[in-house]
Amino acid sequence: MAEKTREPYLEIKELLRRFFGRMELELREILPQIIAILAAFLVGAIVLLVTGYSPLEAYGALIRGAFGDVFGIGQTFTQATPIIFTALAFLFAFKSGLFNIGAEGQLLVGGFAAALVGISFDGLPSIVHIPMALIAGALAGGMWGFIPAILKAKLGAHEVITTMMLSYVAFYMTGYLVNYPYKAPGMVSQTPPIAPSAELPRILQPTQLSASILIAIVLAGLTQYTLQKTTFGYEVRATGLNPGAAESGGISTKREMILALVISGAMAGLGGAGEVMGVHRRFIEGFSPGYGWDGLAVALVGGLNPAGVLLAAVLFGALRSGGMTMTRVTGVPLDIVYILQALVILFVAAPMFIKYLLKKGGVKW
Amino acid sequence: MVELLDIITVGLFAASLRMATPIAFASLGGIFSERVGIINIGLEGMMLTSAFTGVAVTYFSGNPWLGVLAAVLAGGLLGLFHALLTVKFVGNHIVSGTGINIFALGFTAYMSQVLWGSRGASESVQGLKVISIPLLKDIPIIGQIIGTHTPLVYLMLIMTGLSYVVLFKTPIGLRIRAVGEHPAAADTAGIDVFKTKYLCVMVSGMLAGLGGAFLSLGHLNLFAWGMTGGRGFIAMAAMIFGKWMPFGAFGASFLFGFADALQMRLQALGLLPPQIILAIPYILTVAVLAGVVRKAVPPSDYKPYIKE
C-alpha cells in the first residue's frame, strides 16, 4: 500500500538521489548561509546610511532591477552564468584541498582562446565550430590551472599565491593580445567579432542570456555526479579530507590535486568561453568585472554543493544586474555590491560566528 | 641595448629600495601572523584599506602623519577582525583573508566615490616629505641609494631589525614562536595562546598598514583604485622566500622591489608593450616561489588551537 501512495515527486527525488547522491538542501544546513546573507545586507544598510543613502531605496531599486521585468531577469541569469562556472571551479579544487583563487585569470585565458578559435575559422558548421571554441576555452583554462598545480605538486609552491599571481599575468597577457596582435580597428580594446558559426544562441530575446547557462547547469550536475558517484570523485574528496589517509589508502594525492586544479581551471575557462561566445561575441578587454571572486563567494554561500551553487549564483547575478539599476536610479556606487559580497564571505568564513550570534539571540540550533 | 643599460643606475637601486618598502612591511606583517600559526592572505586588503584611510585622514586633517597613524589603526583593526574569525571562531584562514581582500577593494572604491566622486583616484593630498640622513647621504653610491627617502623607508629598515630582535632575541619572541610551533606546550608553560595570537595578527595588520601608508602617502600622494596591485601576495612570497625571517624577507622584498622599479623604467623606455612589462613582477613571484619553496618549512602547522 505504501508503495502506491508515494507521491510522484518523491520518486523523482529518489531517482535524483540515486544518480547524484545526497543533494537536497535542508533548512538546517543552509540556515547559516541565509543568516550570513541577511547579516551582510544589514551591515551593507549601515554603510549606505552612514554615507548618506537610503538603504530601502537602494535595495528596492536593486531588487526591482534584478527581478522587475523580463529584461532584468534575463540580465540576472546572464550575470549568474559565468559565476556558476567560476563557483564550480572553486568548489572542485576545494574538494581536493586546494584554494584556486585564480579563477579570474583562467576565465580570461579561456575566453581569449575561444575568441581566437571563433575568429580564426570561417565557414564551419556551428555544430563543429561551437564545440571547438568551447574546448579551446576549457583547454586554455585547464592549462592555466596546470601551472600552479604542477608547481604545487612537484615543488610545493603555495597555490593561493601562484593562482593569484597568474591571474595578474593572464590579465596583462590577454590585455597585450587584445591591444596589439588581435586588436580590431577602432578605439575599443577588443578583438574582431567571432564568426556567427561560433556564436552560442541567445535563449531569451531581447536579453543577452545565452545557451551558456544550459552548459553551466549541466556542468553543475556533472560535478555533483563526478564527486559523489565516481571513483575519481571519491579519490578527490579523500585527498581533500585527509591527504595522509588517502595516500596510505593507495591514492596518489599529487595526481588528484593536479587533476582537480586542471579541471577547475578548465571549468573557469569554459565560463570565459561562454561569455565570449554567448554575450559579447568577441573578447573585450576587462569584460569580467570580477566573476572569479564572485565564484568564490558563491561556492561558499552555496555550501560547497553544486545545487547550492546554482541557487547562490542567481543571488549574486541579481546583485550584479540589480546593482546597475540601483546605481542608475539612486546614485549609490556599484561597489556596494563588492562590500556585500565580501561581508557574505566573511560571515560564511566562520560558521561558529553565526552559531555564536544565534546562541546570543536565543535561537536553538 | 645602450638604452637598456642606461636604466641600470644608482637611481634604479634607490627606486628598488622605495618599491621594496611596502612589500617588506607587509612581509614582516606576514611573518608575525604566520609565526603564531595564522595565515594572513588578507595582507593585500589590509594594505589597500590603510592606503585609503591614510589619504582620507590626511585629506581632512592636512597632516600626513595623522594619516599614517590612521592607516596603522585601520590595518590593526582588520587584523583584529581576521584574528577574531580565525582564532575565536575557528574560521578558515584563506576564506577570511580573501573576504578581507574583496571587502577592501569594494569599500575603498565605494568610499572613494562618496568622498571624491571618483572611483579611479582620490584628490592629491600632502604626502610625507623626503628626508636626507646627514653623513649617510654623503657616502658615494650607498648614500645615493639610501641617503634620501621618505621617513617610512627608514622606518621599514628599523622595523626589520626590530622584528628580528623581538622575535629571536627576547622572551616575548620565544613565546610568540612557541605559540606557532607548539601551542599545547606553550599553553602548559603558562603562555596565553589566544592573546598572543590576537596581538600578533593585529601587529601583522598594522605592519601591512604601514606598507599601505607608504604607497599612498610616501609614494603617490593620492589613493588610486586597487593601488596595492597584488603586493600583499608578493609580500607573502617574499616571506616564504625569506624563510619567515625578517632579514630574509627584506632581501626577498628588495628583489621584488627591484623588479617593480625596473618595470617602471622599462615602461618609460617604451621598448615593449606595457602589458608585457607590467606582468614581470608577477611572473618573477611565481618563478621565485617555484624555485625555492621546496626548502622552505613553515613555522607552524596552522591548525586551530582548541583548549582542552
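I count a residue as buried if 20 or more other C-beta atoms lie within 10 Å of its own, as exposed if 12 or fewer do, and as partly exposed in between, with C-beta atoms placed from the backbone. This is a predicted model, in which local features need pLDDT of at least 70 and side-chain atom pairs count only at pLDDT 80 or more, while totals for chains, interfaces and linings use all residues. Residues are numbered from 1 along each chain as its sequence is written, and chains are lettered from A and ligands numbered from 1 in the order in which they are written.

**Entry: H7 of chain B**

I took helices (H or I, at least four residues) and strands (E, at least two) as DSSP runs numbered from the N terminus. Helix H7(B) runs over residues 151–169. I found that its 19 residues reach 26 Å from first C-alpha to last, close to the expected 27 Å; the expected span is 1.5 Å times one less than the number of residues. I listed Leu152(B), Val153(B), Met156(B), Met159(B), Thr160(B), Ser163(B) and Leu167(B) as buried in H7(B). They cover an arc of only 105 degrees around the axis, so they sit on the same side of H7(B); the arc is that of the directions from the helix axis to the C-beta atoms. On the face turned away from that buried side I noted the exposed residues Ile158(B), Gly161(B), Val165(B) and Lys169(B). The cover over the buried residues of H7(B) includes H2, E2, H8, H10 and H12 of chain B.

**Entry: chain A overall**

I counted 16 helices and 0 strands in chain A. Its radius of gyration is 21 Å, close to the 21 Å that the globule rule gives for 365 residues, so chain A is as compact as a globular protein of that length. That radius is taken over C-alpha atoms, and the rule is 2.2 Å times the number of residues to the power 0.38. Buried residues make up 56% of the chain.

**Entry: H5 of chain A**

Helix H5(A), residues 70–95, reaches 36 Å with its 26 residues, close to the 38 Å expected. I found 22 of the 26 buried, so H5(A) is largely enclosed by the rest of the structure. A kink of about 25 degrees lies at Thr81(A), shortly before the proline Pro82(A); the bend is the angle between axes fitted to the seven residues ending at a residue and the seven starting there. Just after H5(A), Gly97(A) takes a positive phi of about 90 degrees.

**Entry: backbone exceptions**

Most residues other than glycine have a negative phi, and most peptide bonds are trans. I noted a positive phi of about 60 degrees at Arg281(A), which is not a glycine. Arg281(A) is in the loop between H12 and H13 of chain A, and is buried, with 21 C-beta neighbours inside 10 Å. Ile141(B) also has a positive phi of about 60 degrees, but is exposed, with 10 other C-beta atoms within 10 Å. The peptide bond from Gln205(A) to Pro206(A) is cis, with omega near 5 degrees. Pro206(A) is in the loop between H8 and H9 of chain A.

**Entry: the A–B contact**

I found 40 residues of chain A in contact with 38 of chain B, where contact means C-beta atoms, placed from the backbone, within 7 Å. H8(A) gives the most to the chain A side, with 13 residues.

Methods
Contact = placed C-beta atoms within 7 Å.
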